[in-house]
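Subject: Structure for your files

Hello,

Here is the structure we spoke about. My notes follow below it.

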Amino acid sequence: DADIAERLLKDSNLKGRWPMYSLVDGETGGQIAKYIPERGMFSLGKGAAKRLSGISSNRVFIEDFHPKGTIFCVGISGADTNIRPLDEVLVYHGDDLRAIGRALVTGDAMSQRTRGQGVKVRHRISMRV
């Protein structure tokens with residue numbers, strides 16, 4: 001998504017050498033994302049939360065709990081249909097961004113299933129958007 005890329009790259013720098021790249025904030029030096037060579041993509045860090053809050057894609061909506069570890073489909077109340085397995089996702093309860101993680105199934109499957117794993121949480125966050 002072009003909006004996501006623009007938000008992540010604005011005022012940021014790429015640090016490190018192959019294959020250990022990190023995308024860092026140009027002002028604070030805090031990590032936004034880290035390149036994972038096994039997956040061939042960047043993995044979002046806590047620094048990405050503030051930059052990506054309010055986007056309208058790759059969102060998962062959960063019941064009222066603070067996730068850690070794995071979010072099971074039974075606790076997911078909705079998800080964007082564009083989500084594919086292994087995509088980076090933002091986990092919300094209402095207007096609260098609660099976590100960043102990796103999708104384990106499609107967005108449709110998360111919304112429809114009552115069993116199984118939906119999202120592997122990487123970072124717990126508590127931020128109102």
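How many helices and strands does the protein chain have? There are three helices and ten strands. Please keep in mind that the model is predicted. Read from the N terminus, the order of elements is α-β-β-β-β-α-β-β-β-β-β-α-β. The radius of gyration is 14 Å, close to the 14 Å that the globule rule gives for 129 residues, so the chain is as compact as a globular protein of that length.

Overall figures: the C-alpha trace spans about 45 × 30 × 25 Å along its principal axes. Of the 129 residues, 40% count as buried. The accessible surface comes to about 7400 Å², and carbon and sulfur atoms account for 49% of that. Where contacts link residues at least 6 apart in sequence, 51% of them join residues at least 24 apart. The chain carries 20 positive and 15 negative charges, whose mean positions lie 7 Å apart.

Beyond its neighbours within four places in sequence, Met 110 is in contact with Val 60, Cys 73, Ile 76, Ala 79, Ile 83, Ala 103, Val 105, Gly 118 and Val 119.

Regards

Conventions: Residues are numbered from 1 along each chain as its sequence is written. This is a predicted model: local features need pLDDT of at least 70, side-chain atom pairs count only at pLDDT 80 or more; totals for chains, interfaces and linings use all residues. Side-chain values use heavy atoms; hydrogens and water are left out. Helices (H or I, at least four residues) and strands (E, at least two) are DSSP runs, numbered from the N terminus. The radius of gyration is taken over C-alpha atoms; the globule rule is 2.2 Å times the number of residues to the power 0.38. Buried means under 20% relative accessible area, exposed over 50%, partly exposed in between (1.4 Å probe, protein chains only). Contact means heavy atoms within 4.5 Å. Accessible areas come from the Shrake-Rupley method with a 1.4 Å probe; for residues, only the protein chains shown count as cover. Lys and Arg count as positive and Asp and Glu as negative; His and the chain ends are not counted. The place of a charge is taken as NZ of Lys, CZ of Arg, CG of Asp or CD of Glu.
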